[in-house]
Amino acid sequence: MTADSTDTVFGTEQVRRARFAVAAVFTVHGAVTGSFATRVPWIQDHAGVSAGQLGLALAFPAIGASLAMPLAGAISHRFGARTALRGLLALWTLALILPSMAPNLLTLCAALFVYGATAGMSDVAMNALGVEVENRLDKSIMSGLHGMWSVGALIGSAAGTVAAHLGTDARLHHTLAALVLTTLGLIACQGVLDLHSRPDEEPPPRFTLPPKSALIIGAVGFCAVFAEGASLDWSAVYLRDVMDTSAGLAAASTTAFALTMAVARIAGDKVVDRFGAVRTVRVGGVLATVGGILVVASPDAVLAMCGFGLLGLGVAVVVPLAFAAAGRSGPNPSQAIAGVATITYTSGLIAPSAIGSLAEATSLVVSFGLVTVLAFGLVLGAGVLRAGDRRQMSSSDAGAPSTKSAEPRP
């Protein structure tokens, strides 16, 4: 059986069900992140670490993810996409328990390393399956899938906020949350496409440098994630310190930014289907650039908040489209997606500290001037996402042989 014959095996209804199953997986994945984030203060107190030590520990999830993500392709090749996702997602949901159990800095760093490694591998596996479903449906779904991740994060954070308000021990909270999310994740994985590599296909290397295509696509994702991370972590501080607003209004700007991102991602698929990936990102880059200019140039807090909103709107769909482009950029989607994911994780890791360091040396206004420049980079670099633009592919690649490396078990 060749990859071109897979559509005769996966019927239209089966692919549509797989879309909802993958969306549920994304929601579960996001809920783990939201559940963890709300209990970080409790974890800090339990481990007895200072703010600086906590900052060091919080670097370990990104380190673990970056090192482990290249393994996802080899695991999927050996066990099949559905089994691999089932196992990796369960490891990720259960890893939620580990940080709250850590009694000191060393064990906290180790727990967060495992937490990040399982997060990264399951992230690659679910994005690779999302691209496969998108290919078979022949319409954009990646933005909506990432929107469902944001919904999951909001649900997890809401539950965590309630648990924190009630004074619930995070060990109990995270154990219960992990069991529930593991069960939901296993149920959701039953509906994803059961893809398997061809018998004659060489297994991907366990560790390898990202392909050149992933590096170029990842550079665009880097710009978007840097702007996202800077805005999420520093928008409230910016409004409080630069615009001299109240703490409540400053906090509201962060919530508004997160909601803007979630709504834009859920609605983004229709825009991408209508205008294509390249044009969507280019226009998004213009919106984000205008937003950055409003942030750094406006003397009014309301206009600055509107600027942060435009930043969120402009960068919202870039990462989903970068994953989609990576998944179509070569014969090994998992390897390319892992490369892009590593770059974007790195961007998310360095953005908050880079903004803080630049602000200390100059000012927050200068820091968000850098964010504005990177946002304009989306306008210049949008063309590299052409590999993920199905509207371009449908006209230029009609009749071309498929390069997909995975097929379903007969």
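1. The buried residues of helix H14 pack against helices H12 (212-241), H13 (247-275), H15 (301-315), H16 (318-327) and H18 (364-381). Those buried residues are Ala-277, Val-278, Thr-280, Val-281, Gly-284, Gly-285, Ala-288, Thr-289, Gly-291, Gly-292 and Val-295. Here buried means under 20% relative accessible area, exposed means over 50%, and partly exposed lies in between (1.4 Å probe, protein chains only).

2. Before going further, please keep in mind what kind of model this is. It is a predicted model, in which local features need pLDDT of at least 70 and side-chain atom pairs count only at pLDDT 80 or more, while totals for chains, interfaces and linings use all residues. Residues are numbered from 1 along each chain as its sequence is written, and side-chain values use heavy atoms, leaving out hydrogens and water.

3. How far can you trust it? The pLDDT is the predictor's confidence in each residue, from 0 to 100. For the protein chain its mean is 84, and 88% of the residues reach 70 or more. Residues 1-8 stay under 50, and the model gives them 15 contacts beyond four places in sequence. Over residues 393-410 the pLDDT is also below 50, with 40 contacts in the model beyond near neighbours in sequence. A contact means heavy atoms within 4.5 Å.

4. Now the overall picture. The protein chain holds 19 helices and 2 strands; these are DSSP runs, numbered from the N terminus, with helices (H or I) of at least four residues and strands (E) of at least two. Of its 410 residues, 52% are buried. Among contacts between residues at least 6 apart in sequence, 85% join residues at least 24 apart.

5. Ile-343 sits in helix H17 (residues 333-361) and counts as buried because its relative accessibility is 18%. Leaving aside neighbours within four places in sequence, Ile-343 touches Ala-214, Leu-215, Gly-218, Ala-219 and Phe-222.

6. Which residue forms a salt bridge with Glu-134? The partner is Arg-328, with the closest N and O atoms 2.3 Å apart. This pair links distant parts of the chain, since Glu-134 belongs to helix H9 and Arg-328 to the loop between H16 and H17, 194 residues apart. Glu-134 is buried at 2% relative accessible area, and Arg-328 is buried at 14%. A salt bridge puts a side-chain nitrogen of Lys or Arg within 4 Å of a carboxyl oxygen of Asp or Glu.

7. The whole structure has 6 salt bridges. Another of them joins Asp-169 and Arg-171 at 2.8 Å, N to O. Here Asp-169 is partly exposed at 26% relative accessibility, and Arg-171 is partly exposed at 32%.
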